[in-house]
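Student: I should like to learn how to read a structure of this kind. Would you guide me through it, one feature at a time?

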Amino acid sequence: MELTVDHIRITLDRTAILRDVSLQAHKGEIVGLVGPNGSGKSTLLRAVYRSLRPADGAVRVGEDDVWALSPRAAARRTAAVLQDAGGNITGLTVTEIVALGRAPHHGLLGRDGTGDRAVVADAVDRCGVRPFADRDYASLSGGERQRVLLARALAQEPQLLVLDEVTNHLDIRARFELLDLVRATGITTLAVLHDLDLAARLCDHLVVLHEGTVVAAGPVLEVLTPQVLADVFGVNARTGRHADGVIRITYTAQPLAGDNASEPARAPSGDTISSKENS
Amino acid sequence: MIVAISIGAVSVPVGDVWAIVWHHVTGAGTAPSDPALDQIVWNFRTPRVVLAALVGAGLAVSGAVLQTVVSNPLADPIVLGFSYGATLGAVLVITLGAGAALAGLGVSAAAFLGALLAGALVFALGQRRGRLAPTRLVLAGVAVGYVFLSATSYVQLQATPNELRTVMFWMLGSVAGAQWDQIPTVTVVVLVTTTLLSLFGRRLNVLLAGDESATALGVDVNRLRAVLLVLSALLTGTVIAVAGSIGFVGLMIPHLVRLTTGADHRRLLPLTALLGALYLVLVDLLSRTLDRPNELPLGILTALLGAPFFLWLLRRNKGLD
C-alpha cells in the first residue's frame, strides 16, 4: 500500500526536528531515507510507526491517517524493525519472538489460533530462520537476529515495512541476505540506511534529509549527485552505474577541508564510471 | 499443603488433617473427635498455610511483572520502594501503640496504605512529560525506598525494646499470626490481580521487545505500564500488609521459572504464582519447625534456602552469556 508523508512538522523540547517534510512511497516501492546523523531520519520513522505524533501534517498508509487509527489497527498496517529491538530478550525462542507479530491482531482475551500459527510458520520459513526456530533468541548472531525480527514484522501481515538501520553491525554477507529478503517480500518499504552504497543497491528511490528538511528526492542517480554528497554528507564523491548494472558511490578524495560542508563540490561530475576505474 | 498442615509442634497424621479440612470445607464427613486437634489444624495451621501460599504467589507474580515493566532483572517490590512504604506504615502503628492507632488503623491497614503511597510516589516521580521511563521508574523507586527507610529508622530509635522486637519480626516477615478473617480479602485480591496480570501476558511479552518496537507492535506502552504498576502495587501492598516485608521471593522465583521454562508471560505468571506459593509454604514450615519452639522470621530463610539453589541454576544456564 502507498505511504504518504504529508507536510509533517515535529518539535522536541522546543527544537524543530522535522520542518515541513513530505515524501511518498508507491505500492511495492522501496524508498531509502538517507542523511547524516541527527538529520531527523529516525524521528520521521517514529511518526510513521505511530510512536511520535507530528505537531502538523499527516502520515497516511493507503487512505488511512495513521494517527487517526488505534495503535493496534495501525500496527496491522505498518510493521517496523528497529534498533532497540530485543536488546534484552532472553528466555523467548525464535518462534515466540516471531509470534509477537500477531499481537496487533488480538485483544486482551485473544489467543493464537491455527491461522496465527500458519502465518508465523510462513514468516519463519520466508526469512530462513527455521533451522533455529526453537533456540533462545539471545543465543543468535546479529545477522540471525535481524532475520528473526524481519520475520516478526512479516507476521504482522503489514502493508508497509519500516526499517531503521537494520544492517548495522552485520557482516557484508548478512547485509546482502537481509536486504534480499526485504526486496523479496514485495511490501512497500521505507528504510533508513546509513550505508549509501547499500541504499543505492536496495532502493528504488532515495530521500535525503538534512537538518530536518528534504533536500533531494527521486531515483538514486538523480539524488546522490556530487553536489548533494558534498553539501549534505561533507564528502567528495560521485555516483555511477557500473558495467554490471550496480550503482556504486566512489569516494574520490579526503573529506572536504574543515567542517564547511556548504562549500561547493570539487569532484568531477560524471554519470557513468567505467568499472576499470574502480579497481 | 496438607502435609505442611500436619507437621508442627503436635504432629497430626496426614489422614486426620485431610478429614478435618474436608469436613470444614464441604461440611461432609464426621466432625473430628478431638476438639483440640480440630483447633490446631483448622484454626491455627490451615489459615497459616493458606496465607503463606497466597503471599508467596502474590510476591512472586508482582516481582515477575515489575521486572518486565521496568526492564530490569533486579526489580522487585523492595527495589521499587513498595515494601519500604509498607514497613513505615506498619512501624508507625507498632511504635505509636494502640492508643495512637492512626484513627483506628491496624498494622495491616497502615502497611497497605504505606505500600500504595510509595507506589503513587514512584508513579508520579517516574514520569516526565507523561512518559513512564523504565530507568526513571527504578531510580525513583530506589530513592523513595531510601526516604521511607530513613523515616522508619528514625521512628525505630524512639521505640521501646519490646516494640523493636515486633518491628524486627515484621520487617523480616511472618505468617504466624494468620487468621481466617484475613483470608477472604487476600484471596480475592491475589486471585483477581494475578488473573488480570496473566491476561496481559501477550502484551508483557511485547514489552520485552523494547519500547519503540512494542509501540510499533500496537501496544500503548505508557498506558500498559501504568496499568501494570497499579495492579502490582495493589497486589504487593495486600500481601505485605498481612505478612510483612518478605524478601527474595519476588526477586528470585520469577527468575527460577524463566530459567527453567522460558519468559513467555502466559506461562510464566501462572507458574510463578504456583512456585511462589509452594516455596513460601515450605519456608514457613521450616520456620516453625527448625528452631522449636521458637519461630524464625520468613525473610531469614527465604534467601538462605533459595539463593544456593538459584546460583546453581544460574551457573548451569548458558542463555545468559
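**Reading the model**

Tutor: Let us begin with chain B, which has 14 helices and 2 strands. Please keep in mind that this is a predicted model.

Student: How compact is chain B for a protein of its length?

Tutor: One compares the radius of gyration with the value from the globule rule. For chain B the radius is 20 Å, close to the 20 Å that the rule gives for 321 residues, so chain B is as compact as a globular protein of that length. Along the principal axes, its C-alpha atoms fill a box of roughly 65 × 45 × 40 Å.

Student: What share of the residues in chain B is buried?

Tutor: Buried residues account for 49% of the 321. Contacts give another view of the fold: of those in chain B between residues at least 6 apart in sequence, 74% join residues at least 24 apart.

Student: How does one check the length of a helix such as α11 of chain B?

Tutor: One sets the expected span against the distance between the end C-alpha atoms. Helix α11 (residues 221-243) of chain B has 23 residues and should span 33 Å at 1.5 Å a residue; its end C-alpha atoms are 32 Å apart, which agrees. This helix is mostly covered, with 17 of its 23 residues buried. After α11(B) comes B:Gly244, with a positive phi near 85°.

Student: In which sense do strands β11 and β12 of chain A pair?

Tutor: In general, the side chains of a regular strand alternate between the two faces of the sheet. In chain A, strands β11 (residues 237-241) and β12 (residues 247-251) pair in the antiparallel sense over 5 bridges. A:Arg238 has A:Thr250 in β12(A) as its bridge partner. The hairpin of these strands has 5 residues between them, and A:Gly245 takes a positive phi near 90° there.

Key
Residues numbered from 1 in each chain as written. Chains lettered and ligands numbered in written order. Predicted model: local features only at pLDDT ≥ 70, side-chain atom pairs only at ≥ 80, totals over all residues. Pairing = 2+ DSSP bridges. Helix = DSSP H or I, 4+ residues; strand = E, 2+ residues; numbered from the N terminus. Expected span 1.5 Å × (residues − 1). Buried ≥ 20, exposed ≤ 12 C-beta atoms within 10 Å, placed from the backbone. Rg over C-alpha atoms; globule rule 2.2 N^0.38 Å. Contact = placed C-beta atoms within 7 Å.
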